[in-house]
Amino acid sequence: MEDRVRQLLSKYYNLTIENISQLEGGYCLDETYRLITSDQMTYVVKYIQYDHSLQYLQSILKFQNVLHDVHQYPCAKLLPSKDNALIIDDNDRLLFVQRFIEGTEPSREILDRNDDYLQTMGRLLARWRCASREYVSEMHMQEEYEEFTNEWWERQDVKNIDSFLISNFFECKQFLIHRTDRFERGLIHNDFHTNNSILTDNSKIYIIDLVDACQSLFIADLATSLFHLLVDKQNGKHRAKAFLCGYQQLVTLSTDEIDTLDYFVRLKLTLCIIEDVHESTDMENSWIQSCFDLLHRLNNDSTLVKTLLS
């Protein structure tokens with residue numbers, strides 16, 4: 001696979017390859033590479049299988065460059081090909097190249113030392129929301145894959161799974177399905193949490209892994225961020241409160257968003273567990289067990305998230 005990546009880079013990009021090596025991460029072992037060129041520039045090369053169309057991914061990657069260039073958002077800039085294309089279509093795989101960001105994921109110590117990191121993360125998600133409003137309205141992005149439509153609800157595979165997960169899914173669905181037209185939609189990150197952030201040596205935070213972005217409700221993006229924080233039983237509430245504080249410095253949540261936030265957090269958490277259970281052979285996995293524990297806590301306290309806003 002590495003040889004094929006080299007061929008595509010040589011054919012389509014004005015790059016002189018000095019070294020290329022496989023990076024960990026991604027859904028497949030052979031989809032992410034680190035590229036060093038002869039002028040000592042470092043890039044990340046993604047060579048991925050993608051469930052949606054080329055045009056859909058193009059819209060997402062164009063937004064990534066708009067974030068970087070227009071909004072000075074801390075994310076990687078994509079490198080265009082010789083023909084100014086952001087993506088190379090290689091049959092069942094798509095290739096694109098972006099700048100490499102040198103840094104590390106934040107440690108537990110960094111997250112718990114003070115609230116600055118999480119408040120900054122909250123502001124970054126709010127900035128994404130503000131930038132997405134402009135982008136989607138201007139680009140008329142194809143609604144090829146959009147969450148929280150009637151079709152989306154019907155596509156959710158909740159058969160042959162734990163009865164507790166099924167009951168949570170349908171309770172949230174019953175509450176939300178006729179309310180979603182009240183909420184603002186746009187292009188969301190869809191996996192915005194601290195593990196998808198990088199802290200550089202100069203203490204700047206960058207957001208990564210934008211490729212899962214999709215059309216959805218902005219409140220759903222916030223819900224995903226919050227359940228990833230709340231899953232930490234010891235410090236989750238404090239972390240989520242700090243994140244919300246940063247978010248609300250730039251975006252004021254509507255009354256409807258506040259009143260339904262607990263349901264959105266429960267739903268996104270439930271869907272995450274369902275996906276992980278389908279893919280995992282180890283039901284005792286500590287992440288899955290922690291998610292189940294949070295789901296029980298959310299069931300026992302229907303305003304757990306809402307109280308963090310006060």
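Where is Leu23 found? Leu23 sits in the loop between strand 1 (17-22) and strand 2 (32-37), where strands are DSSP runs (E, at least two residues) and helices likewise (H or I, at least four), numbered from the N terminus.

## About the model

This is a predicted model, in which local features need pLDDT of at least 70 and side-chain atom pairs count only at pLDDT 80 or more, while totals for chains, interfaces and linings use all residues. Residues are numbered from 1 along each chain as its sequence is written, and side-chain values use heavy atoms, with hydrogens and water left out.

With a relative accessible area of 24%, Leu23 is partly exposed (buried is under 20%, exposed over 50%, partly exposed in between; 1.4 Å probe, protein chains only). Leaving out residues up to four places away in sequence, Leu23 touches Leu29, Thr32, Tyr33, Arg34 and Val44 (contact means heavy atoms within 4.5 Å).

Now to another loop: Asp232 is located between helix 7 (218-230) and helix 8 (236-248). Asp232 is buried, at a relative accessible area of 12%.

## Helix 10 and its neighbours

The axes of helix 9 (residues 255-279) and helix 10 (residues 286-300) come within 10 Å and cross at roughly 150° (axes are lines fitted to C-alpha atoms, for helices over the stretch in contact, and angles run from 0 to 180 degrees between N-to-C directions). Helix 9 is therefore roughly antiparallel to helix 10 (under 35 degrees is roughly parallel, over 145 roughly antiparallel, 65 to 115 roughly perpendicular, the rest oblique). The residues of this contact divide into 12 nonpolar, 2 polar and 2 charged (Ala, Val, Leu, Ile, Met, Phe, Trp, Tyr, Cys and Pro are nonpolar, Asp, Glu, Lys and Arg charged, the others, Gly among them, polar).

Helix 7 also meets helix 10: their axes come within 10 Å and cross at roughly 105°, so helix 7 is roughly perpendicular to helix 10. Here Phe227, His228 and Leu230 in helix 7 meet Trp287, Leu294 and Arg297 in helix 10.
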